[in-house]
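I am starting a notebook on this structure. The entries follow the order in which I looked things up.

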Amino acid sequence: MRSTPVIAIKQLSKIYGSSPANQFYALKDVSFTMQEGEFIGIMGASGSGKTTLLNVISTLDNPTEGTISIAGTDITRMKSGELSDFRAKQLGFIFQDFNLLDNLTVYENIALPLSLQNMAVSQMKSKVNEVMEKLGISLIADKYPAMISGGQRQRTAAARALVHKPALLLGDEPTGSLDLKNAVSLLETMKRLNEEDRISILMVTHDAFSASYCGKIVFIQDGRLVQELHRTGSREVFYKQILDVLGDYGKAAASAASPIFEASYAQERR
Amino acid sequence: MLIKLALSGMKSRAKDYMILLAGLVMSISIFYMFQTMAWNRSFTEANAVIDSIQLVYIMGSFLLSAITLFYILYANGFLLSLRQREYGLYLVLGARKSKIRSLMFIETIAVGILSLGIGLTLGFGLSALVGRLMAAQLQVTLTGYHAIYGPAVLFTVVFFVVLFGLSALWNQLKLARLQVLQLVHDHSQADQLWKSSVWKRVLGVLGLIALGLGYFSLTFMEQLREIGLFTATFMTPIGTYLLFMVLLPPFVAMLKNRNSLRGIRAFTFGQLSFRINGLTKLLATVAMLIALGAGAIAGGMAFINDAKIKSESYSVYDIIVHDPLPEEEKVLNAIPFMDRLQYRYKVEHGKLYYARADLEKQRPLIQSQSMQGKKDADQLIRITEKLPVGEAGSEAASSAEWDSFLWTIAPDQSMDYLILEEDKFEAIPVEAKSIVIGKTNDFLAHRASWAALDELSISKHKDGYMPWSKFQYYQNTMGNASGTFFMGFFLGIAFLAMMASCLMFKVLSGAAKDILRYEMLSKIGVRREKLIRSIYQELFLVFLFPGIAGVLHVLVGMRLFAFILEEPYYKLWIPLVLFAVIYFVYYMLTVKLYQNLVLAGRKKAVV
């Protein structure tokens with residue numbers, strides 16, 4: 001057993017809507033732990049609750065019930081200012097649409113999390129250069145986001161997410177707006193970071209190919225965790241396994257939908 | 001269907017339209033306020049001090065129209081930017097461009113009619129209110145002033161209809177050139193970065209020359225006269241625009257580079273350095289408006305002050321009473337004079353006789369020659385020249401100081417005077433009368449007494465006699481000056497309010513693009529307070545640059561009045577403070593509104 005888990009979620013629920021009549025469970029009784037150095041993917045259909053889960057973990061949204069602790073800190077009891085500081089120190093984000101600041105250069109974008117913590121310029125420089133080197137974007141340091149390609153932008157975003165050595169890297173469909181070549185290159189980079197630097201990564205995706213880079217996949221459906229899939233063999237085999245699981249869910253969902261439809265139809269006729 | 005679509009689109013963005021409408025209404029009501037003055041010819045003629053005030057009005061009218069035109073273009077650009085994506089969506093869904101065009105036309109006209117209606121109504125109220133306030137404060141009647149004035153209404157309506165027509169046309173042209181995809185993805189277009197070039201340097205030099213010429217003509221207005229007025233009116237704005245366009249972006253870029261690794265400041269200046277390119281022209285406009293606004297108020301106040309100075313130096317003694325009645329004595333005795341003198345005189349055969357002893361013993365105060373025209377009471381001295389005793393015209397009887405003093409106090413200034421020794425004076429077979437003259441420390445403090453004495457003096461003479469006293473003179477100049485003050489104040493507030501709403505407008509219309517940036521910053525862990533501080537700081541700089549330029553313009557520009565006013569810089573701090581207060585209020589308002597636009601979404605997401 002390793003030390004403190006990176007994420008420990010216990011009986012987490014998120015309810016939308018205040019009146020009991022139209023309450024809707026976006027997350028229902030979710031429990032889940034992630035150990036340090038894991039690379040986990042969260043998969044599920046649209047509206048299954050995967051983005052809500054990510055938002056709650058990333059402290060952007062607060063749960064209705066249950067507790068979450070990240071790197072040993074219970075974040076459900078923090079105030080908004082403390083949450084901001086926590087995000088700044090412990091979390092790194094990669095978003096689908098990059099979210100770079102187009103009024104800062106690549107270098108300045110990456111340095112932003114460090115400079116927000118008032119780090120000395122010399123210290124900052126070495127850290128930013130290191131992470132730029134690792135992600136292969138040293139040459140575009142002085143360019144503005146509008147002048148570089150989508151792949152380079154996403155690498156910049158990744159560098160910004162990693163530069164302050166967060167406890168956890170969170171990705172929200174990080175390959176969502178990249179073409180295949182750039183997506184593969186980003187995923188390879190993430191895998192390398194995970195394996196070589198033991199960075200814990202949690203990534204939300206609906207794309208089986210991206211998910212196949214993970215070490216573990218958690219499937220979520222209607223706000224519940226329904227299945228975990230561990231990678232045992234090669235990535236190709238894992239990819240097939242994921243597709244099978246997704247296929248099963250597709251079939252199950254289709255057959256589940258038809259009896260309900262028929263029942264309600266019958267009810268209405270009565 | 002088309003109208004329904006247009007209306008529903010407007011309804012869904014009611015809040016943004018409120019901002020737009022508020023700006024337009026303000027612009028229209030201010031324009032109307034101004035027109036009531038410009039077209040009320042009887043009012044300007046009855047209240048203005050100088051003949052060439054009409055020229056000032058024409059200049060003012062021209063400037064106001066030009067600025068209003070810019071303002072309307074901004075407002076309509078804002079309108080287009082609000083609906084751009086929606087129009088794009090309609091086009092994608094298969095609407096024809098001609099349909100979109102008429103949709104947009106309907107909207108522009110609807111906004112125009114609505115703002116004209118509200119603006120004019122507000123304009124009536126505002127004109128009436130401000131007019132009454134001024135009249136009450138200055139204790140004058142504003143002859144010929146009407147709050148609701150036909151020609152002004154007509155002109156305002158025609159002017160704005162033409163403007164709205166032009167801007168509708170402008171939007172049509174802009175839309176025709178745009179591609180569907182550009183409309184849909186308007187947000188993703190990045191702003192351009194500033195780059196140095198030879199062309200820009202030339203423009204910078206030209207700007208410096210133009211501003212120099214403008215300042216030069218303002219400083220030497222007295223010599224240049226009308227030519228100076230024209231040069232200043234054209235060169236100063238041109239110089240301001242060029243310098244703002246050429247100097248501001250590199251300056252901000254420098255600020256940005258200095259702070260590029262200092263946390264949130266990096267973001268603040270980065271944000272500013274991109275924003276500033278689109279802002280330079282507006283900031284120059286704002287600087288000009290500040291100058292005009294504060295300058296107009298300062299000018300009006302200087303005129304009022306001038307009236308005081310001029311009446312103060314009109315004569316040394318505050319009151320001159322000939323042959324006082326008991327009632328007059330009573331009033332006189334109640335006044336705490338610092339210097340009160342009494343001389344006997346006799347009138348015989350159209351000649352005035354003074355007793356030498358009286359004058360010798362009570363030498364009156366006069367202004368020391370070198371300090372003539374200055375208000376300084378310390379520079380008053382007693383007459384030292386020898387009394388011109390004897391026949392006028394003889395060698396002994398020439399003393400300029402006594403001459404001018406005795407002329408001032410004479411009961412009838414057409415008579416010659418003679419100063420006699422006591423025995424000769426006594427020998428004249430007429431009853432001696434007396435002249436009482438008095439000076440207080442503060443002329444303005446005893447206005448009621450002066451008025452009462454003037455009143456008594458008129459009733460004493462009974463034959464429609466008008467005393468030409470210092471107080472009369474004061475009242476007259478003050479009446480003229482208050483008219484000018486009224487115009488200056490009116491104009492000044494109009495300019496200040498318009499410029500601030502211009503700036504507010506521009507900043508707010510860009511807010512939509514910034515929402516994502518602030519959202520992202522908060523996601524990566526920037527505290528809300530820090531983001532708010534960044535907004536305060538950024539907008540402070542945006543407001544600061546034109547503020548400084550505007551104040552500089554005022555400081556130089558007040559020289560313009562040097563040829564009609566004694567002290568054009570008198571109490572300049574009052575209009576400057578007034579400006580600072582108005583400006584600060586708009587700054588805070590802009591920060592708050594902007595904050596609501598860019599940070600509201602985050603609040604919902606996190607809490």
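Which residue forms a salt bridge with Asp85(A)? I find that Arg527(B) does, the closest N and O atoms being 2.6 Å apart. I count a salt bridge when a side-chain nitrogen of Lys or Arg is within 4 Å of a carboxyl oxygen of Asp or Glu.

Ground rules. I work on a predicted model, in which local features need pLDDT of at least 70, side-chain atom pairs count only at pLDDT 80 or more, and totals for chains, interfaces and linings use all residues. Residues are numbered from 1 along each chain as its sequence is written, chains are lettered from A and ligands numbered from 1 in the order in which they are written, and side-chain values use heavy atoms, with hydrogens and water left out.

Interface. I get 1 salt bridge between chain A and chain B, and 4 residue pairs in polar contact across their interface, both residues at pLDDT 80 or more. A polar contact is a pair of N or O atoms within 3.5 Å; within protein, one must be able to donate a hydrogen and the other to accept it, and residues adjacent in sequence count only if both atoms are side-chain atoms. On the side of chain A that touches chain B, helix 3 of chain A gives the most, with 7 residues. Helices (H or I, at least four residues) and strands (E, at least two) are DSSP runs, numbered from the N terminus. Chain A puts 29 residues and chain B 28 residues into the contact, where contact means heavy atoms within 4.5 Å. The two chains bury about 2,600 Å² between them, 61% of it on carbon and sulfur atoms. Buried area here is the accessible area (1.4 Å probe) that two parts lose on being put together, summed over both.

Chains. Chain A has 8 helices and 10 strands, and 49% of its 270 residues are buried. Chain B has 19 helices and 7 strands, with 50% of its 607 residues buried. Buried means under 20% relative accessible area, exposed over 50%, and partly exposed in between (1.4 Å probe, protein chains only).

Cores. The largest nonpolar core has 138 residues, and Leu53(A), Leu202(A), Phe160(B) and Tyr594(B) are among those with the most contacts inside it. Its largest share, 24 residues, comes from helix 10 (residues 264-312) of chain B. A nonpolar core is a set of buried Ala, Val, Leu, Ile, Met, Phe, Trp, Tyr and Cys residues joined through side-chain atoms within 4.5 Å. Beyond four places in sequence, Phe160(B) touches Ser27(B), Ile28(B), Phe31(B), Thr68(B), Ile72(B) and Leu116(B). A second, separate core has 47 residues, including Phe39(A) and Leu178(A).

Other salt bridges. Glu130(A) and Lys165(A) form one at 3.9 Å, N to O. Glu130(A) lies in helix 4 of chain A and Lys165(A) in the loop between helix 5 (150-162) and strand 7 (168-172), so the pair ties together parts 35 residues apart in sequence. Glu130(A) is partly exposed at 40% relative accessible area, whereas Lys165(A) is exposed at 55%.
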